Amino acid sequence: MSSIDTSAENSEIPHSNSAHHVKFNIQEEEFKNHHENLEINSLGPHAFNVNLGYLKVDHNYKVTFSLHLSNPQNPAQNYENIRYLADRSSKHVIFKEMRKESNNLYSFTVIFYAYREKHDQETIYFSLDDSNGHEHSSAHGSSAHHDHHNNTNTHNKLVIHFEAKVLGQHQGTPLLRNGITLLHSHSNSSSTSSFNDKSHFNIN
């Protein structure tokens, strides 16, 4: 009688260990994906935060990512003719293109210049079309400068925040996440003006 009980107990052990290993492998895969892929968080229907991971200072990166765009209050919202607001967006990010991948999925490509060490945060803005295909009006001049610091006035905008941890010149080479490609680095103090010359980034 006791041998049967012992056999029954032993038969449970491999099953328990197997379940434990499966759980560990899933956690390991989630950890791997978290550190290899861009981390994109939705802050609202038209606001997103894109975590680029580690970059290196004074380097330019091509960043390609996809966003799911939808408006529950206006299902007929047209996103194909949104307008990039260069005067309001960060001067350290260049918008290259947006492509529709599927029903509500859109691919974006930007050039990101890691211009300062440690924690770098940049934001770009787009003006949205209304349901009739007319663009909402955008601010100009001093009011545009005011809007740049007043993020509450973004109800008719698509807002994309970027953040990255930027390594210094002598801190090694970071492993880039999927969707990020190194273009080139700057070697002198005129890096900002060079970055603003878009002819350097004919990547299409």
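Student: Which residues have the most contacts inside the largest nonpolar core?

Tutor: Leu-52, Phe-65, Phe-108, Ile-160 and Phe-162, in a core of 31 residues. A nonpolar core is a set of buried Ala, Val, Leu, Ile, Met, Phe, Trp, Tyr and Cys residues joined through side-chain atoms within 4.5 Å. Before going on: this is a predicted model, where local features need pLDDT of at least 70, side-chain atom pairs count only at pLDDT 80 or more, and totals for chains, interfaces and linings use all residues. Residues are numbered from 1 along each chain as its sequence is written, and side-chain values use heavy atoms, with hydrogens and water left out.

Student: Which strands each supply at least two residues of this core?

Tutor: β2 (47–56), β3, β5, β6, β7 and β8 (157–167). Strands here are DSSP runs (E, at least two residues), numbered from the N terminus.

Student: What does Phe-162 touch?

Tutor: Leaving out residues up to four places away in sequence, its contacts include Val-50, Leu-52, Phe-65, Val-93, Val-110 and Phe-112. Asp-120, Gln-121, Glu-122 and Ile-124 are also on the list. Contact means heavy atoms within 4.5 Å.

Student: Now the rings. How many aromatic pairs are there?

Tutor: The structure holds 9. Rings of Phe, Tyr and Trp (its six-membered ring) pair if their centres lie within 6.5 Å; planes under 30 degrees apart count as stacked, over 60 as edge-to-face and the rest as tilted. One of the pairs is Phe-95 with Phe-126, edge-to-face at 4.9 Å centre to centre and 85° between the planes.

Student: Why does that pair tie together parts that are apart in sequence?

Tutor: Phe-95 lies in strand β5 and Phe-126 in strand β7 (residues 118–127), so the pair joins parts 31 residues apart in sequence.

Student: Are Phe-95 and Phe-126 buried or exposed?

Tutor: Both are buried. Buried means under 20% relative accessible area, exposed over 50%, and partly exposed in between (1.4 Å probe, protein chains only). Phe-126 also pairs edge-to-face with Phe-108, at 5.8 Å centre to centre and 65° between the planes. Phe-108 is in strand β6, 18 residues from Phe-126 in β7. Phe-108 counts as buried because its relative accessibility is 0%.

Student: Which residues do ring pairs link into a cluster?

Tutor: Phe-65, Tyr-84, Phe-95, Phe-108, Phe-112, Phe-126 and Phe-162.

Student: Switching to β6. How many of its residues are buried?

Tutor: 9 of the 10 residues in strand β6 (residues 105–114) are buried.

Student: And which strands pair with it?

Tutor: Strand β3 (residues 59–68) runs antiparallel to β6 and is joined to it by 10 bridges. Strand β5 (residues 93–100) pairs with β6 over 7 bridges, also in the antiparallel sense. Two strands pair if DSSP finds at least two bridges between them. Asn-60 stands opposite Tyr-113 in β6, and Arg-99 stands opposite Ser-107 in β6.

Student: How many residues lie between β5 and β6 in their hairpin?

Tutor: There are 4.

Student: What about β8: does it run parallel or antiparallel to β2?

Tutor: β2 and β8 run parallel, joined by 8 bridges, with Phe-48 opposite Ile-160 in β8.

Student: Last one: why does Asn-51 count as buried?

Tutor: Asn-51 counts as buried because its relative accessibility is 18%. The residue is in strand β2, and apart from residues up to four places away in sequence, Asn-51 touches Leu-38, Glu-39, Glu-163 and Arg-177.
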